[in-house]
Amino acid sequence: MSERSVRARPLTLVDDDLVDYEQAMDRMNDLVAARQRDESPDTLWLLSHPQVFTATKRTAAEHLPDPSHGIPVVLTGRGGQLTYHGPGQLVGYLIVRLRPDEGVVDYVREVELRMVEALEKLGLPAERRQTPPGSELLTGVWTRGTGRKVVSIGMRASRGVTSHGFALNVDGDLDPWHYAIPCGMPDVDMTSLARELPEPPSMDQVRRLVAEAYEASTS
């Protein structure tokens, strides 16, 4: 997928601040069920979480954090592997009905491109990466200048509707990323807007430009 092939897809915006991860999963599942029944529109839900690591069934035991750090680990149903959430990170859950001609991997590519658009408007040149032949699917967004990963993406689809989404590091503590092996990538260098930009934007600015990149607005 190229930038030119991203078709219009207006979303309804839901904006929250700090929401407990497991409570957010309950609400997200309700939103997914309503979308599957065509009782609600395609939705972007922006929020943040208290500190938590989320792991999938594919996460290797040696990639998990040392429990002594005191950050809980929660098993989640999305794709991908282990990731971290915490204050200062913008999470976006995407509850979207897939078109008949696309699968969840196609939509993940669109998510990456929309995040690249938002980051460039925020002053940070960024890129998605092609997966080398025979390798596991690369998802996320990296900075062009430093080659660090700034956006994590993990999604799934059920009955034609997506769930989960992306996590953009804005100005939170990056130390917890070193407590584990994020994204199944031992050599990945996770970064944030605050680390990359001399004058980083506020969280409010980030929320606004990310919402614009997804054509998302309140109803």
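How many bridges join strand S6 to strand S10, and do the two run parallel or antiparallel? Select residues 89-95 for S6 and 161-169 for S10: five bridges join them, and they run antiparallel. Before going on, note that this is a predicted model, in which local features need pLDDT of at least 70 and side-chain atom pairs count only at pLDDT 80 or more, while totals for chains, interfaces and linings use all residues. Residues are numbered from 1 along each chain as its sequence is written, and side-chain values use heavy atoms, with hydrogens and water left out.

**Stop 1: the sheet**

Helices (H or I, at least four residues) and strands (E, at least two) are DSSP runs, numbered from the N terminus. Two strands pair if DSSP finds at least two bridges between them. Now colour the open sheet of eight strands, whose order is S7-S8-S9-S10-S6-S2-S1-S11, with mixed pairing. Strands S7 (126-127) and S11 (216-217) stand at the edges with a single partner strand each, so one side of each has no neighbour in the sheet.

**Stop 2**

Next, show helix H2, residues 104-121. H2 packs on the sheet and touches S6, S7, S8 (141-143), S9 (149-158) and S10; contact here means heavy atoms within 4.5 Å. The direction of H2 makes about 150° with that of S9. For such angles, axes are lines fitted to C-alpha atoms, for helices over the stretch in contact, and the angles run from 0 to 180 degrees between N-to-C directions.

**Stop 2**

**Stop 3: Arg 78**

Finally, move to the loop between strand S4 (73-75) and strand S5 (83-85), where Arg 78 lies. Is Arg 78 buried or exposed? Arg 78 is buried, with a relative accessible area of 10% (buried means under 20%, exposed over 50%, partly exposed in between, with a 1.4 Å probe and protein chains only). Show its neighbours: among the residues that Arg 78 touches are Gly 154, Met 155 and His 164. Then find the backbone oxygen of Gln 81, which lies 2.7 Å from a polar atom of the Arg 78 side chain.

Notes. A polar contact is a pair of N or O atoms within 3.5 Å; within protein, one must be able to donate a hydrogen and the other to accept it, and residues adjacent in sequence count only if both atoms are side-chain atoms. Lists of a residue's contacts leave out its neighbours within four places in sequence.
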